[in-house]
Amino acid sequence: MCLFCKIIKKEIPSEIILENENFLAFHDINPKAPVHILAIPKLHIEGFDVVSPEIMVGMTTFIQDIAKEVDIQKAGYRVITNIGDNGGQEVKHLHFHVLGGAKLKWSHLSDSNPKKFL
Ligand code: 5GP
Ligand code: ZN
């Protein structure tokens, strides 16, 4: 069973922010911003590449609800999902990083020349 499935089953403790029948949100153990929450489906789905549009409908409102719950929606925030090796996905259970609580940085994300693909 994967790490996040264990968190869903409460076999591994987490600081839960929001939960419903299909989704769970909890604090990232290694926060990269003052607010860093992970939103996951309770169904084990490997990543964004294989998620259905139906799950994403629920995920969208769930993430919006997280932003309201922790009061970051007015100031703004960022939603990220890492996909596969190049995306930097470490946990192979779909998750969205919800980041905020301060002005976030936005700089080069790789050492390669970004103009290469223009
Ligand atoms: P990824 O790199 O796969 O996009 O993100 C995985 C995230 O899961 C990382 O930000 C990491 O800090 C977080 N993480 C890894 N293990 C645990 C854990 O046991 N508990 C919690 N709450 N977060 C975890
Ligand atoms: Zn899983």
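**Exercise 1. Determine which residue of β2 stands opposite L18, and describe the sheet around this position.**

Solution. Step 1: In this predicted model, L18 faces A25 of β2. Helices (H or I, at least four residues) and strands (E, at least two) are DSSP runs, numbered from the N terminus.

Step 2: The strands β1 and β2 are joined in the antiparallel sense over three bridges; two strands pair if DSSP finds at least two bridges between them.

Step 3: The open sheet consists of five strands in the order β1-β2-β3-β5-β4, with antiparallel pairing. At its edges stand β1 (16-19) and β4 (77-80), each with a single partner strand, so one side of each is left without a neighbour in the sheet. From one strand to the next the twist averages 20°.

Step 4: Helix α2 packs on the sheet and touches β1, β2, β3, β4 and β5, where contact means heavy atoms within 4.5 Å. The direction of α2 makes about 155° with that of β3; axes are lines fitted to C-alpha atoms, for helices over the stretch in contact, and angles run from 0 to 180 degrees between N-to-C directions.

The model is predicted, and local features need pLDDT of at least 70, side-chain atom pairs count only at pLDDT 80 or more, and totals for chains, interfaces and linings use all residues. Residues are numbered from 1 along each chain as its sequence is written, chains are lettered from A and ligands numbered from 1 in the order in which they are written, and side-chain values use heavy atoms, with hydrogens and water left out.

**Exercise 2. Identify the protein donors of the zinc ion (ligand 2) and state the geometry of the site.**

Solution. Step 1: The protein donors are C2 (SG), C5 (SG), H44 (ND1) and H93 (ND1), at 2.0 to 2.3 Å from the zinc ion (ligand 2). Donors are N, O and S atoms within 2.8 Å of the metal (3.2 Å for Na, K and Ca); water is not among the atoms, so sites may look incomplete.

Step 2: The angles among the four donor atoms run from 102 to 119°, and the site is tetrahedral (four donors with all angles between 85 and 135 degrees).

Step 3: Along the chain, the donors follow the spacing C-x2-C-x38-H-x48-H. Because C5 belongs to helix α1 and H44 to the loop between β3 and α2, this pair ties together parts that are 39 residues apart in sequence.

Step 4: C5 is buried at 14% relative accessible area, whereas H44 is partly exposed at 37%. Buried means under 20% relative accessible area, exposed over 50%, partly exposed in between (1.4 Å probe, protein chains only).

**Exercise 3. Classify the aromatic pairs F4 with F26 and F48 with F96.**

Solution. Step 1: The structure holds three aromatic pairs. Rings of Phe, Tyr and Trp (its six-membered ring) pair if their centres lie within 6.5 Å; planes under 30 degrees apart count as stacked, over 60 as edge-to-face and the rest as tilted.

Step 2: The ring centres of F4 and F26 are 5.6 Å apart and the planes stand at 80°, so this pair is edge-to-face. F4 lies in helix α1 (residues 3-8) and F26 in strand β2 (residues 23-27), so parts 22 residues apart in sequence are tied together. Both F4 and F26 are buried.

Step 3: For F48 and F96, centres 6.4 Å apart and planes at 85° likewise give an edge-to-face pair. F48 is partly exposed at 36% relative accessibility, while F96 is buried at 5%.

How values were computed. Tetrahedral: all angles 85-135°; square planar, octahedral: opposite > 155°, others 65-115°.
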